[in-house]
Amino acid sequence: MLKLHIQDDVGKITVVPVIRDEISIGRKEGMTIRLTDRNVSREHACLRKTDGNLYIHELSARFGTKVNGGKVDGSMELLAGDVVQIGDYLLSLHSETGEEVTDPGYSTKPTASVSDTGEFGPVPLETQIIEVAEPVVDIPTSEQARLVVISRNLGGQETHITHSPFSIGRTNDNDFQLDHRSISRNHIVVRHDSASYSVSDLDSANGIRINGDEYRKADLHPGDEIEMGHILIRFVGADENFVSSDQPYGAGDLLVADVAPSRAGKVAMIGILLLAITAAAAWVLHFSKQTEPVSGRRVIDSGPIAKIDPVNQDNSKAKSGGIIAKANTATKSEESTPEEADTVAKAETQETKIEPVVAKTVTPIKAASTKGKKSSETKNKAAKNKGPNNAAKALAHLTAARQLLREGNHAAAEQAAKSALKVDSRATEAKAILRTVRNERRGNAALSKAMKAKQYGNWKKVLAHARKGLRYDASSTVREALSNLENEARRQLASAKNKASNTNTNKDNASTKTKLSGGSKLEVARELAKQAKTAKRASNLTLAEALYRQCLKTHSGMQSCRADLAVILMARGKRCEALRHMRRYVKSHPGSGKAVQFKRLIEQFEPQCN
């Protein structure tokens with residue numbers, strides 16, 4: 001069986017067995033081998049088995065792919081010992097026995113692994129840079145949750161989580177695509193495990209928030225709200241009966257604000273109140289008429305006498321006195337029995353009690369009725385003032401505002417729009433004209449500041465003001481001028497940056513030449529060691545070996561150069577020479593950790609060199 005040893009730029013090695021018929025390699029989420037450095041394309045290459053042989057096929061590699069130092073053109077067969085370079089990674093193919101064929105004309109990777117400190121050790125099986133893709137598992141239908149977009153942006157979109165892992169992002173290679181500028185290419189991934197769900201952030205630019213709190217990874221529960229940039233998603237459980245609203249969060253705020261209160265509703269309420277007051281007054285008056293006695297007639301009945309109501313009398317005391325006098329006169333003029341006298345006395349008492357109650361009831365009813373009539377008249381007058389005449393005035397102001405806006409007279413257009421709003425507060429077109437004038441004014445202000453900064457040569461301020469002005473919806477002329485200033489500022493800043501970089505490079509080269517020519521032996525040796533390490537990181541082992549040899553030739557006491565040279569010689573197959581340098585290093589640094597590793601290698605390979 002073949003194995004793929006993947007070495008990154010710091011020397012860490014990951015071993016991947018070649019057991020699949022096809023292995024995809026790239027930076028994109030979902031690749032079999034995911035290499036996350038920026039110089040690796042999203043879909044860089046793939047390994048395929050054909051008729052028992054292994055081939056590498058280049059997909060869309062922007063920086064190319066090399067095999068044993070030669071560039072791959074389309075596809076190429078791989079053999080045990082071949083070294084594939086993808087970005088800063090070296091992928092070497094090994095047989096099951098661990099042996100590899102070394103091409104003398106190309107430097108392959110070390111047979112022993114090298115740690116971050118340069119020490120030998122066992123080959124690490126894990127690294128944070130290389131990721132092997134996890135298998136895709138289908139989720140049963142009864143356990144499938146849903147993701148529903150509930151924000152204004154992209155509102156109403158939803159999907160079922162049919163498998164795990166389930167990726168969400170801006171590009172179409174995700175399982176759920178949300179094409180919005182606040183969403184990263186690969187934003188989050190949702191995983192399912194034992195009827196539970198979790199979400200993880202994929203190093204997105206804006207991150208994620210769960211119910212308002214920021215997380216890198218979190219468990220999901222029914223009803224949780226996931227915030228991704230400007231998009232809000234609700235997590236709906238498999239058993240949850242949630243129906244997305246036709247109108248997402250915040251969608252109706254402006255509509256509610258623009259609707260004026262209904263005058264018809266207020267008039268109807270006032271009418272109902274007046275009817276209730278009128279009915280109460282009629283009931284009181286009807287009750288009083290039923291109990292009013294006939295003048296000059298005695299009321300004699302076997303049952304209780306009817307109550308006497310003095311509503312139509314102005315003075316309650318005078319009324320009571322008049323009724324009592326009439327009763328007395330009737331008694332004197334006609335002979336009455338003792339029962340009739342008692343009845344008259346009872347009527348006097350009941351009449352005195354009823355009078356204040358009726359007076360108190362009728363007074364507030366009359367006041368409320370008068371107040372209701374005045375309020376209704378006021379409303380009717382206000383409604384007449386907002387009639388067709390005011391609509392015509394508002395339309396005239398709007399026509400003038402449109403004409404002034406086309407002529408470029410923004411101040412007069414703003415005044416006309418404000419006049420239209422005073423006449424009719426619901427004139428939405430007037431509000432739109434005011435927004436246009438405001439944006440135009442802000443865009444012109446930003447353009448003026450950018451031009452002033454350009455005169456002084458301050459291109460950073462020019463770029464800042466141009467970008468700020470482009471955020472406003474100004475006229476096309478202003479936006480074009482701001483865009484030109486932005487492009488010019490970018491070119492000037494990039495040119496200045498290149499000049500500064502070239503100056504620093506020249507200074508560094510001059511400093512290096514000065515150290516190598518006029519410095520002491522120790523300084524020259526340290527500079528050579530620095531250059532050798534740079535060449536080693538670039539996988540140029542031939543140049544690194546030459547520089548380490550020059551370092552030891554300049555200053556033989558530089559044991560760090562000796563140790564690194566031994567590592568490179570061992571990697572290039574020059575084991576006997578590497579062992580000689582290892583012995584000298586162990587002799588000078590017997591107690592160091594690197595010396596312990598060198599002793600093991602000396603014991604292992606010394607019989608082959610004797």
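**Disulfides and selected helices**

A: Cys 551 and Cys 561 form a disulfide, with 2.2 Å between their sulfur atoms; the term stands for a pair of cysteine sulfur atoms within 2.5 Å. The torsion about the S-S bond is 75°, which makes the link of Cys 551 and Cys 561 right-handed. Cys 551 belongs to helix α11 (residues 541-554) and Cys 561 to helix α12 (residues 559-571), so the link ties together parts that are 10 residues apart in sequence. Helices are DSSP runs of H or I with at least four residues, numbered from the N terminus.

The model is predicted, so local features need pLDDT of at least 70 and side-chain atom pairs count only at pLDDT 80 or more, while totals for chains, interfaces and linings use all residues. Residues are numbered from 1 along each chain as its sequence is written, and side-chain values use heavy atoms, with hydrogens and water left out.

Cys 551 has a relative accessible area of 0% and is buried. Cys 561 is also at 0% and counts as buried. Buried means under 20% relative accessible area, exposed over 50%, and partly exposed in between (1.4 Å probe, protein chains only).

Among the buried residues of α12 are Arg 562, Asp 564, Leu 565, Val 567, Ile 568 and Met 570, along with Cys 561. The end C-alpha atoms of α12 are 19 Å apart, which agrees with the 18 Å that its 13 residues should span at 1.5 Å a residue; the expected span is 1.5 Å times one less than the number of residues. Just after α12, Gly 573 has a positive phi of about 90°.

The structure holds 2 disulfides. Counting bonded cysteines along the chain, their pattern is 1-2, 3-4. Cys 576 is joined to Cys 609 by a disulfide, with an S to S distance of 2.3 Å. This link of Cys 576 and Cys 609 is left-handed, at -100° about the S-S bond. Cys 576 lies in helix α13 (residues 575-588) and Cys 609 in helix α14 (residues 593-609), so the pair connects parts that are 33 residues apart in sequence. Cys 576 is partly exposed at 34% relative accessibility, and Cys 609 is partly exposed at 26%. Elsewhere, Cys 46 is buried, at 1% relative accessibility.

Two further places concern helices. The axes of helix α7 (residues 428-455) and helix α8 (residues 459-470) come within 8 Å and cross at roughly 170°. α7 and α8 are therefore roughly antiparallel to each other, a label for angles over 145 degrees. α7 passes α8 in a left-handed crossing.

Helix α6 (residues 410-423) has 14 residues and reaches 20 Å from its first C-alpha to its last, close to the 20 Å expected at 1.5 Å a residue. Ala 413, Ala 416, Ala 417 and Ala 420 are buried in α6. These residues cover an arc of only 100° around the axis, which puts them on the same side of α6; the arc is that of the directions from the helix axis to the C-beta atoms. On the face of α6 turned away from its buried side are the exposed residues Ala 411 and Lys 422.

Terms used: Helices (H or I, at least four residues) and strands (E, at least two) are DSSP runs, numbered from the N terminus. Axes are lines fitted to C-alpha atoms, for helices over the stretch in contact, and angles run from 0 to 180 degrees between N-to-C directions. Angles under 35 degrees count as roughly parallel, over 145 as roughly antiparallel, 65 to 115 as roughly perpendicular and the rest as oblique. A crossing is left-handed if the near helix is turned anticlockwise from the far one by less than a right angle, and right-handed if clockwise.
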